[in-house]
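Please find below a few numbered points that I would raise with a colleague going through this model.

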Amino acid sequence: MGLSVRHVSKSFGAKKAVDDLSFEIAEPGVFGLIGTNGAGKTTTIRMILGVTDKDEGEIAWNGGPLNRRTVRFGYMPEERGIYPKVRVIDQLVYFGELRGMSRRAAADAADRWLKRLEMAEYRGTMAEKLSKGNQQKIQLIATILHDPELIFLDEPFSGLDPINADIFKSVLAELIADRRYIVMSSHQMATVEEYCRDLVILSRGKTVLEGNLRQIKAGYGHTNLSLFCGQDILPLAEKHGLRLLEKTAEGYEFKISGDEEAHAFLAELVGSGIYPDRYEIREPSLHEIFVEKVEAVQ
């Protein structure tokens, strides 16, 4: 049955931070909770976890109340919460004990995850001496140390270099394979597209889009044409009425009405002796859908 959020609202004074929000995560996997700054994402997570009281609505886990007695949950906040002047191993053991683990079990789990995230050499180091990326690894370990069933990741890849981002992604893949329920809040639309099967988009506390990402994108049809081409093809594109969305070092991105328009354009390119290195007709990206939906309610 998973996580159920039904008609949840929260106000801070005259400001409605979350307005009649509903969604459900019925199966293990990654659910995307996305929106602009101040859209209500963090407030939603804190209400689910009981950190912030909701004004209205119901939040349930497997049909019953959601609390520390009914589900093991982990939360990695956007504002990182490790202690700068405490040794890495000491604070990980402390976080594990807060989650009900014995000191020995917490230490063993901490050492296992430190090795897994290539951090074993920093076991006795003060957290303040770690780089930002390594501090983020410690925060991730503190989030999953106690083997949670329900995990909240708020901007988990923010500020990571490519190597550490790949390590995080490999851990996330393991959690998905282990059938954990994961709620990911992020501004990085490419990451949401990579991992999230279902999502909800918030703007000013209200839901502007909800559902299965694949079905949402399929509903738009093929609206974009990507061409990797080193030659100037804009005159031909204008002749065919294609609208340029973006020009990059590698090529062009056009808005199209459908496959036939794209095929006709390709035929003219080839007929003119221009052979693109890459030609792709696709649905809009989540970034484009996000911008469209949010701008519509601004």
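1. A nonpolar core is taken here as a set of buried Ala, Val, Leu, Ile, Met, Phe, Trp, Tyr and Cys residues that are joined through side-chain atoms within 4.5 Å. The model is a predicted one, and in its largest nonpolar core, which has 52 residues, Ile138 and Ile201 are the members that touch the most others. Apart from this core lies another of 27 residues, which includes Val18, Phe31, Met47 and Leu150. In soluble globular proteins, nonpolar side chains tend to be buried together.

2. The contacts of Ile201, leaving aside residues up to four places away in sequence, are with Ile34, Lys206, Thr207, Val208, Leu209, Leu286, Phe290 and Val294. Leu286, Phe290 and Val294 are also among the buried residues of helix 10, which spans residues 286-296 and also buries Ile289. Because these buried residues fall within an arc of 120 degrees when helix 10 is viewed down its axis, they line one face of the helix. An α-helix has 3.6 residues a turn, so residues three or four places apart point the same way. Glu295 and Ala296, by contrast, are exposed on the other side of helix 10.

3. Which elements cover the buried residues of helix 10? The cover includes strand 3 (29-35), helix 6 (189-195), strand 9 (196-203), strand 10 (206-212) and helix 7 (213-220).

4. On the side of helix 7, Leu213, Ile216, Lys217 and Tyr220 take part, and they meet Leu286, Ile289, Glu292 and Lys293 of helix 10. Sorted by class, this contact comprises five nonpolar and three charged residues, with no polar ones.

5. Val200, in strand 9, counts as buried, with a relative accessibility of 0%. Residues up to four places away in sequence aside, Val200 touches Leu21, Phe23, Phe31, Gly32, Leu33, Ile34, Thr207, Leu209 and Glu210. The C-alpha atom of Val200 is separated by 16 Å from that of Ala218, a residue 18 places away along the chain.

6. Gln136, which has its place in helix 4 (residues 132-144), is buried, with a relative accessible area of 2%. Not counting residues up to four places away in sequence, its contacts are Met76, Arg80, Glu155, Pro156, Phe157, Ser158, Leu160 and Phe168.

7. Asp20, which lies in strand 2 (residues 15-25), has a positive phi near 55 degrees although the residue is not glycine, and Asp20 is partly exposed at a relative accessible area of 42%. Arg204, in the loop between strand 9 and strand 10, likewise has a positive phi, near 55 degrees, in a residue other than glycine. With a relative accessibility of 55%, Arg204 counts as exposed.

Terms used
Residues are numbered from 1 along each chain as its sequence is written. This is a predicted model: local features need pLDDT of at least 70, side-chain atom pairs count only at pLDDT 80 or more; totals for chains, interfaces and linings use all residues. Side-chain values use heavy atoms; hydrogens and water are left out. Buried means under 20% relative accessible area, exposed over 50%, partly exposed in between (1.4 Å probe, protein chains only). Helices (H or I, at least four residues) and strands (E, at least two) are DSSP runs, numbered from the N terminus. The arc is that of the directions from the helix axis to the C-beta atoms. Contact means heavy atoms within 4.5 Å. Ala, Val, Leu, Ile, Met, Phe, Trp, Tyr, Cys and Pro count as nonpolar, Asp, Glu, Lys and Arg as charged, and the others, Gly among them, as polar.
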